[in-house]
Structures are given as structure tokens and as C-alpha cells.
Amino acid sequence: MSQRKQYYVYIMASRSRVIYTGVTNNVKARVEQHKSGMVKGFSSRYDTTMLVHVESTEDVLAAIEREKQIKGWLRTKKVALIEDTNPDWSDLSEELFGDRRDSSLRSE
């Protein structure tokens, strides 16, 4: 039996909480691309290197639709989505992939 493919809608953030929303079928590789600056344009310009929200589905069309939905929201609604499950804006890649570079966007 073949393994079902997973698709991910994710939100990356910078230390100053600039938000980038994307969709991928390999969230670990995509997060690494963000962290290494390989995602050109908005993401590299604003240094969105911290994974602060992620959702998964087996339906590629649902993932694309969800990404579009989130991108269409006002910033306040995006922040509420993040803070609902990640109130400290912790870098979830540490928990998911064992990445310990940055642990939080929390103000010190």
C-alpha cells in the first residue's frame, strides 16, 4: 500500500513578525530553504526564517485554497491564527525537525 502524500500550508515569520504564507509538499525542506535564504523575494528580503504555523492535508487543492484564504486575510486575523496554537511565536521547526537555531520570537 502506498503512503498518501501530505501537503502543508505554513506560515514563516521574521524576528520582527513579518509574516509569509506558503504551501508545499515537503515542509521540512521548504523551511530549510527559508532558513538558508534560498526563497528569493519577499521571504529573503524580510528574513522570514521561523516556522510559526503549519497545517497539513492529503488534498492538494484544499491546501492551495487554504493558502489563498490565509493570504487574503487581514494581518490581525493571521496573527490570531498563529497565536491560537503558538502564543509565543516559537519556531516550530525545533519541535518538528529538531532544529534548535532560533527558539522564539518572544520579546525579552
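**Strand pairing and surface in a predicted model**

Modeller: Val 60, Leu 61 and Ile 64 form a nonpolar surface patch with about 250 Å² of accessible area together. This is a predicted model, in which local features need pLDDT of at least 70, side-chain atom pairs count only at pLDDT 80 or more, and totals for chains, interfaces and linings use all residues. Residues are numbered from 1 along each chain as its sequence is written, and side-chain values use heavy atoms, leaving out hydrogens and water.

Biologist: Which helix holds Leu 61, and is Leu 61 buried or exposed?

Modeller: Leu 61 lies in helix α3 (residues 60-72); helices are DSSP runs of H or I with at least four residues, and strands are runs of E with at least two. Buried means under 20% relative accessible area, exposed over 50%, and partly exposed in between, with a 1.4 Å probe and protein chains only. At 63% relative accessibility, Leu 61 counts as exposed.

Biologist: What is the relative accessible area of Lys 35?

Modeller: Lys 35 lies in helix α1 (residues 27-35). Lys 35 is buried, and its relative accessible area is 12%.

Biologist: How many residues of strand β1 are buried?

Modeller: Strand β1 (residues 7-13) is largely enclosed by the rest of the structure, because the buried residues number six of the seven.

Biologist: In β3, which residue is the bridge partner of Ile 11?

Modeller: Two strands pair if DSSP finds at least two bridges between them. β1 and strand β3 (residues 50-57) pair in the antiparallel sense over seven bridges. Within β3, the bridge partner of Ile 11 is His 53.

Notes
Patch = residues over 30% accessible without salt bridge, like charges linked within 9 Å, V, L, I, M, F, W, Y side chains within 5 Å. Areas by Shrake-Rupley, 256 points an atom, 1.4 Å probe, with all protein chains shown as cover. Salt bridge = Lys/Arg side-chain N within 4 Å of Asp/Glu carboxyl O.
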